[in-house]
Amino acid sequence: MNQQVPTETTFGSISPAEFFYRNRQLAGFGNPSQAVYSAVRELIENSLDSCEDAQRLPSIDVRMTSEDSDIIRICVSDNGTGIAEEYVPRAFATVLYGSKFHNRQRRGTFGLGVTMAVLYGQITTDSPVIVHTQYKGSQGKEYALFIDVETNQPIVKSSRPLDREYDGTSVTLQLRGDLKRAEERIIEYVRLSTVSTPHAQILLEVDGTESLKSGRWWNIHPPPVISSNPHPRAADLEMLRRLAQNNGEKRLQDFLVASFQKVGIKTSSRFLKFVSFDPARKVSSLTRDDFGRLSTALRKFDGFENPDSKSLSPIGKEAFLAGIKSTFNTVSVYYSSRGPSEWQGNPFIVEGVIAIGDAFPRSDIPILYRFANRVPLLYDSSEDVLTKTMKRLNWKRYNVDSSAPASLFIHICSTRVPYKAAGKQSIDTIPEVETEVLSLMRDLGRHFGKTTRKSEKALREGKKMREYARAFRHLAKFGADLAGTDEVPSTSRLVKQLFEVYPDE
Amino acid sequence: MNDSNRASIKLTDLGKQIVESILADRFPVLEIPDRNTSNIVYNAKQNRFVLGDSTNIRDSSNINHIRSFTQLTWVASFAKQLLAASRTSSLRDLYYSSEAFDVVFKDQAESDRIVTDLECVTGLPRESFGIFPDEHSSIYGELVMRYTVPGYDGREIDLTISPDGLPIGPALMTAEPIRTDAEIVLAVESGGMFSRLIETKAWQRFKAVLIQLGGQPPRATRSLIRTLNERLDLPVYLFTDGDPWGMHIARVIMSGSANSAHIENLTTPGAVWIGVTPKDIVSYSLPTEKMNNADLKRLDELSRDVRYSDHEWQKHIEEFRKLREKAEQQAFSRYGMDFVVDTYLSDKII
């Protein structure tokens, strides 16, 4: 996504804020119901990320009220880190500003979403966003903020000290939208969010009544994800130039070692020899062409080790299964995962669960639930690599048909998920990703086929035994009638004896 | 009711055998004589066909047997109740009664088969358990019988009482023949011919007790024919359609069926099949129909059947095969309403 981020050079005459408002469908604010959904979603994701930073089990309250028929007030509160005073205005009211330009798995990517929600609310209702936050136990503070669309700068309308019970942030905004049509999706989103983040608890309240309380299916916080430098293969021209800006004084070799993971003295020497650059050259002396050559070579050079997966946070077997089993009525579940692998220097892991349960709709192919970096994806499924890959498989071979309702939960996590658009609803078809997803689905399918065959057999055997036991009980009863005795002999011992040896025959 | 006591004791013994087996931690097992046609042998002493030595084992530890084993036990307990209450039941009644006991039969054919199994196991005909078929043959003629069934015990009945004939049910089957002016028994296959013979007073002319068989006759009818033959010494003439099926109706009355080869006192070995024989079809120039595949296949089966091993019967089969035509009893109507009585039967009954 980074290379698609507009910069001042590309859009010299309009600000990012203005660009995104004009193209709001890119960020998922294309129509009134989607706008409500996207705003809630962005706020929840920010809160979840913030709780993860704080290493706290998230408790998130979402309250929505429809003030006027189509003006909706959304308030999302969390128990996360809170935001330090100096960052608040820019974090909420500057497009493309945020804490997320790090190379690690996050729900949000680069601080576009929430600001977009703020912008959308401001333009449709002319009201500011209210941010109430408390950071590291200091005095809580409440802000009212606007965005200056033309300059992409925050305007602080008011700010005042206001106590808060604990660290965390509450964001309140108003926007014009369609709550009725969005509500169902929001409920689904919240439910699925607690599948992919099972240690979180989310409360959803609409017009003062509790609509859903979901989560805390798992009490262990996932280990903290570790931020790391980008992998050299991920270094496109733009990233390279940005990194170089702050390191003009460094020697080229030192710059590479300091800026990238998996690059030490040895590797960097070999690489610079490969691309014939002087290791001692000053970074500031590099021309645009030099950067171009460097960037191309970094991607081609095969001497780099695979990227680190420390910066990934897969859901994990137990937590994922706990989330699914608590949310859906399942009969059996099976977990599998693939990776870590990489696409263009970005590490990723795919993990998935295939679940059988009567609650799932009957269909010839499993019902697919998609997750990316622990975020459920609800829109644009037909374009998604997960959907496409699932449809490629012949599920009949794995015994999936309408008689055995199954569903598939697939989670892909990466330092950079290859979304198709800034709205983050579907994942692009990247060959490396597709290959891993295909293998994962096959593994899940094979296991499913095995278990259904086994359970079908067990079911048949069980049915046979019950029928036999029933017939045999009748036999004993009629026999007793015939013999003229009131005491019907017990048959259970003989039946047990017969069926204990039966499976070995 | 000596007979009924005997049946009741047999059924009780069957129940005891099952209960004792289960109490001893053994799966109950039954041995049932094999009723396949390949297991029918001629018994010269009884002058009838009986079941051979081959038997089937019904083992309750076999999942494929348990169902029919349980059904058999239920039929037995049902029969015992009938006996205890001096009641009777038709085969169809029995089939429907099973539902109240949580016993499932696929269809009546299955429950009928289980009843036959019970006969084989106990060696007693189902009639002695009070179980009778649904269909009835009819009888008409100058014959007086005395009922032995409860409620009618001792009452006499003249079989010319109704111009439609009287149905042969459990009561008539067990009734005693008292006296008769008739000299023969004439059993005919179809209801139409039966009515014709009553209307035209053929029974007077031939001094005959008329019996309508109605296809393959129920056992009660066969049993009654035998009784009349033995007790009143009346010769028995059998008049059926001129096809393999008609011929076999006659043959079963004479020598028994595979399904009841295990039962005594049903056959009338001295009965005579007067026709319609294949020779009759030719010599009376009867209107015919072509034999179909089923007819020809039936001829093949009969030609291999032990009951047809006699030269005379093989000859009939051979003639049918050559002719490849068949004729019904009614075919004589071609020559007028009275032809069958005036000409054909007069020729045949000597």
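**Figure 1. Helix H2 of chain B and the residue after it.** H2(B) is followed by B:Ser86, whose phi is positive, near 50 degrees. Helices here are DSSP runs of H or I with at least four residues, strands are runs of E with at least two, and both are numbered from the N terminus. This is a predicted model: local features need pLDDT of at least 70, side-chain atom pairs count only at pLDDT 80 or more, and totals for chains, interfaces and linings use all residues. Residues are numbered from 1 along each chain as its sequence is written, while chains are lettered from A and ligands numbered from 1 in the order in which they are written. How far apart are the end C-alpha atoms of H2(B)? They are 32 Å apart, which agrees with the 32 Å that its 22 residues should span at 1.5 Å a residue. The expected span is 1.5 Å times one less than the number of residues. Of the 22 residues of H2(B), 16 are buried, so the helix is largely enclosed by the rest of the structure. A residue is buried if 20 or more other C-beta atoms lie within 10 Å of its own, exposed if 12 or fewer, and partly exposed in between, with C-beta atoms placed from the backbone.

**Figure 2. The contact between chain A and chain B.** Chain B brings 25 residues to the contact, and chain A brings 20 residues. Two residues are in contact if their C-beta atoms, placed from the backbone, lie within 7 Å. On the side of chain B that touches chain A, helix H1 (2-23) and helix H2 (63-84) each supply at least two residues. H2(B) gives the most to that side, with ten residues. By class, the side of chain B that touches chain A holds 13 nonpolar, seven polar and five charged residues. Here Ala, Val, Leu, Ile, Met, Phe, Trp, Tyr, Cys and Pro count as nonpolar, Asp, Glu, Lys and Arg as charged, and the others, Gly among them, as polar. The model scores ipTM 0.72 and pTM 0.59.

**Figure 3. The largest nonpolar core.** This core has 95 residues. A nonpolar core is a set of buried Ala, Val, Leu, Ile, Met, Phe, Trp, Tyr and Cys residues joined through C-beta atoms within 7 Å. Among the residues with the most contacts inside it are A:Ala39, A:Leu43, A:Phe92 and A:Val118. Helix H2 (residues 32-54) of chain A gives the most to this core, with nine residues. Domain 1 (2-215) and domain 3 (317-449) of chain A both give residues to this core, so it lies between them. The domain bounds come from an automatic or database domain assignment. Beyond its neighbours within four places in sequence, A:Val118 is in contact with A:Phe92, A:Ala93, A:Val129, A:Ile147 and A:Leu173. A second, separate core of 93 residues includes B:Val19, B:Ile22, B:Ala175 and B:Ala271.

**Figure 4. Helix H8 of chain B.** H8 (residues 219-231) has 13 residues, which should span 18 Å at 1.5 Å a residue; its end C-alpha atoms are 18 Å apart, which agrees. Its buried residues include B:Ala220, B:Arg222, B:Leu224 and B:Leu228. After H8(B) comes B:Asp233, with a positive phi near 60 degrees.

Figure 5. Which is the place of B:Asp153? B:Asp153 is found in the loop between strand E8 (143-146) and strand E9 (156-158) of chain B. B:Asp153 is exposed, with 9 other C-beta atoms within 10 Å. Leaving aside neighbours within four places in sequence, B:Asp153 is in contact with B:Tyr147 and B:Thr148. B:Trp203 sits in helix H7 (residues 202-205) of chain B. B:Trp203 counts as partly exposed, with 19 C-beta neighbours inside 10 Å.

**Figure 6. Backbone details.** The peptide bond from A:Gly339 to A:Pro340 is cis, with omega near 5 degrees. A:Pro340 is found in strand E9 (residues 332-343) of chain A. A:Gln344 lies in the loop between E9 and strand E10 (346-356) of chain A, and its phi is positive, near 45 degrees. Another cis peptide bond joins B:Gly275 and B:Val276, with omega about 15 degrees.
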